[in-house]
Amino acid sequence: MYQSKAIHALSRGKEPLSQDVIDTLWSLFREIGAHWSLEDDAEAYRLRFLTFIENRIELDPLYQGYYRDGAAFIDELRDKIGDAAAFNRIFANKPRIAPSGVPATMLEALQRFVANEFIALRLALGGFKSFGAVNYCGYFGGANIDGEPTPYRERS
């Protein structure tokens, strides 16, 4: 039988994420724009964001745990140190060399399986344009040609 959508066998029948978890993950996604001063409107991406989460869980049921536990960690961190410091820790407190293997801490798991993927999604959906770029994964808007505007934001 033809299946138009790939779904992992273990993902079938799983309970959807609670609205509280989705709201916390959405706050992380929105904060990406604030942290990197993106000028795009995250609200325009909400449906794609929700579809991304749903697809991740359907392809790999482990993501349900990454999202649920990651949201709990974010909420705990925000309660302890406040919103700004919590998001700064998530986005800025990273090792110089990307770790591989099993995450050693909840922060590392959140960064690798949630935050980094949300950052890539946000940029792919159009956040890259806020940096002045016209070329990005799937988008082409110019080349490096003398006398033409650069397809990226230049160092000032």
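The paragraphs below go through a predicted model, from its overall make-up to some of its individual residues.

The protein has 5 helices and 0 strands. Read along the sequence, its elements follow the pattern α-α-α-α-α. The chain has 156 residues, and 36% of them count as buried. If we take the contacts whose partners have a separation of 6 or more, residues 24 or more positions apart account for 58% of them.

Helix α2 covers residues 46-59, and helix α5 covers residues 106-125. The axes of these two helices come within 11 Å and cross at roughly 135°. The helices α2 and α5 are therefore oblique to each other, since an angle has to be over 145 degrees to count as roughly antiparallel. Their crossing is right-handed. From α2, the residues that make the contact are Arg 48, Phe 49, Phe 52, Ile 53 and Arg 56. From α5, they are Glu 117, Phe 118, Leu 121 and Leu 125.

Helix α2 also meets α3. Here the axes come within 6 Å, and the crossing angle is roughly 130°. That makes α2 oblique to α3. On the α2 side the contact is made by Phe 52, Ile 53, Arg 56 and Ile 57, and on the α3 side by Tyr 63, Gln 64 and Tyr 67. Phe 52, Ile 53 and Arg 56 take part in the contact with α3, and they are also listed in the contact with α5.

Several of these residues carry aromatic rings. The structure holds 13 aromatic pairs. A pair of aromatic rings is described by the distance of the centres and the angle of the planes. How are the rings of Tyr 63 and Tyr 66 placed relative to each other? Their centres are 5.2 Å apart and their planes stand at 85°, so the pair is edge-to-face; the cut-off for that label is an angle over 60 degrees. Both residues belong to helix α3, which runs over residues 62-81. Because Tyr 63 and Tyr 66 are 3 residues apart in this helix, about one helical turn separates them.

Is each of the two tyrosines buried or partly exposed? Tyr 63 is buried, because its relative accessible area is 8% and the limit for buried is under 20%. Tyr 66 has a relative accessible area of 22%, so Tyr 66 is partly exposed.

Ring pairs also join up into a cluster, which links Trp 26, Phe 29, Phe 49, Phe 52, Tyr 63, Tyr 66, Tyr 67, Phe 113 and Phe 118. The charged end of Arg 56 sits over the ring of Tyr 63, at 5.4 Å from its centre. Arg 122 lies over the face of Phe 29, with 5.5 Å to the ring centre.

Next comes the segment before α1, where α1 is residues 19-35. Ile 7 is in this segment. With a relative accessible area of 28%, Ile 7 is partly exposed. Ile 7 and Arg 56 are 49 residues apart along the chain, yet their C-alpha atoms are separated by 9.5 Å. Not counting residues up to four places away in sequence, Ile 7 touches Arg 12 and Glu 58.

Glu 58 is in helix α2. Its relative accessibility is 17%, so Glu 58 counts as buried. Which residues does Glu 58 contact, leaving aside its neighbours within four places in sequence? They are Lys 5, Ala 6, Ile 7, His 8 and Ser 11.

Pro 61 is found in the loop between α2 and α3. Pro 61 counts as buried because its relative accessibility is 13%. Ser 11 is 50 residues away from Pro 61 in sequence, but in space the two are 5.2 Å apart, C-alpha to C-alpha. Leaving aside its neighbours within four places in sequence, Pro 61 is in contact with His 8, Leu 10, Ser 11 and Lys 14. His 8 and Ser 11 are among the contacts of Pro 61, and they are among the contacts of Glu 58 as well.

The last stop is Ser 37, in the loop between α1 and α2. Ser 37 has a positive phi of about 55°, although Ser 37 is not a glycine. Its relative accessible area is 53%, so Ser 37 is exposed.

Note on methods. Residues are numbered from 1 along each chain as its sequence is written. This is a predicted model: local features need pLDDT of at least 70, side-chain atom pairs count only at pLDDT 80 or more; totals for chains, interfaces and linings use all residues. Side-chain values use heavy atoms; hydrogens and water are left out. Helices (H or I, at least four residues) and strands (E, at least two) are DSSP runs, numbered from the N terminus. Buried means under 20% relative accessible area, exposed over 50%, partly exposed in between (1.4 Å probe, protein chains only). Contact means heavy atoms within 4.5 Å. Rings of Phe, Tyr and Trp (its six-membered ring) pair if their centres lie within 6.5 Å; planes under 30 degrees apart count as stacked, over 60 as edge-to-face and the rest as tilted. A charge sits over a ring if NZ of Lys or CZ of Arg is within 6 Å of the ring centre and within 35 degrees of the ring normal. Axes are lines fitted to C-alpha atoms, for helices over the stretch in contact, and angles run from 0 to 180 degrees between N-to-C directions. Angles under 35 degrees count as roughly parallel, over 145 as roughly antiparallel, 65 to 115 as roughly perpendicular and the rest as oblique. A crossing is left-handed if the near helix is turned anticlockwise from the far one by less than a right angle, and right-handed if clockwise.
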